[in-house]
Amino acid sequence: MSIISIFAISIYTYIKTEDAKRKNEIKYFSIGIVLFLLAFSWGNIIGSFTDNWTLAQAGLIGMPIFFGFLAYITVKFKTFNIKILGVQVLVFALGFLVLSMSFVRRIQNVRIIIFFTLAFVIVLGYQLIKSVKKEIKQR
C-alpha cells in the first residue's frame, strides 16, 4: 500500500509540476524510492515464505540504489542545499556525542557538566544553522 501510495503521489506531483527541472527531480527521486521499497519488501517477503533469510538479504541492495538516485539529484539538480544539510548533520552528531557521554556509569559528577554542555551546543548549533540559512538566503 505504501509503495502504491508513493507511486501515485509521485505521478500526481509530476503531472502537476510545470518546471522541467523539478519534473526530473521528482522522476529520479520517485524511481529511487520505489525501487528501494520494492527490493526491501520483496526481500522480506521471500525470507518469510522460504525461511531463507540469507536470500532475503538481497533486498538490501535497494538501499545503495536509492542513495545513488539521491546523490545524482543532489549533484545534478542541487535539490538539497549541501551547506545547510552538512551543518545540521554536524550539529546533530556533536549533540548526540555529548549526550552519549552521560551514559557513562562510573563518573556521576560528569553528567551535570555534560547536560550544561549539551544545552550550550544546542543553542550554538541553532544559531549556526540560522546564520547559514540567512547567508544562503542572502546569496
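Modeller: Helices are DSSP runs (H or I, at least four residues), numbered from the N terminus. The model is predicted, so to speak of local features needs pLDDT of at least 70, side-chain atom pairs count only at pLDDT 80 or more, and totals for chains, interfaces and linings use all residues. Residues are numbered from 1 along each chain as its sequence is written, and side-chain values use heavy atoms, without hydrogens or water.

Helix 2 spans residues 20-50. Lysine 21 belongs to helix 2. Threonine 79 sits 58 residues from lysine 21 along the chain, yet their C-alpha atoms are 9.9 Å apart.

Next come arginine 22 and glutamate 25. Both are in helix 2, three residues apart, about one turn of the helix. The term means a side-chain nitrogen of Lys or Arg within 4 Å of a carboxyl oxygen of Asp or Glu. By this rule the count is one salt bridge. Glutamate 25 counts as buried because its relative accessibility is 9%. Arginine 22 reaches 41%, so arginine 22 counts as partly exposed.

A pocket is an open set of points on a 1 Å grid where a 1.4 Å probe fits, with protein on both sides within 12 Å along at least five of seven lines; lining residues have an atom within 4 Å of a point. The largest pocket holds about 150 Å³ of space, counted as the space filled by probe spheres set on the points. Its lining has 13 residues, and Arg22, Glu25, Ile26, Phe29 and Ser30 lie nearest the centre. Helix 2 supplies the largest share of that lining, six residues. Helix 1 (2-16) and helix 2 are the elements that each give two or more residues.

Helix 2 also gives the most to the nonpolar patch, seven residues. Patch residues have over 30% relative accessible area and no salt bridge, and nonpolar side chains (Val, Leu, Ile, Met, Phe, Trp, Tyr) are joined within 5 Å. The patch covers about 920 Å², and its members include Ile31, Leu35, Trp42 and Phe49. Leu55 is also one of its members. Leucine 55 is found in helix 3, residues 53-56. Its relative accessibility is 45%, so leucine 55 is partly exposed.

Note on methods
Patch = residues over 30% accessible without salt bridge, like charges linked within 9 Å, V, L, I, M, F, W, Y side chains within 5 Å. Areas by Shrake-Rupley, 256 points an atom, 1.4 Å probe, with all protein chains shown as cover. Buried < 20%, exposed > 50% of the residue type's maximum accessible area, 1.4 Å probe, protein only.
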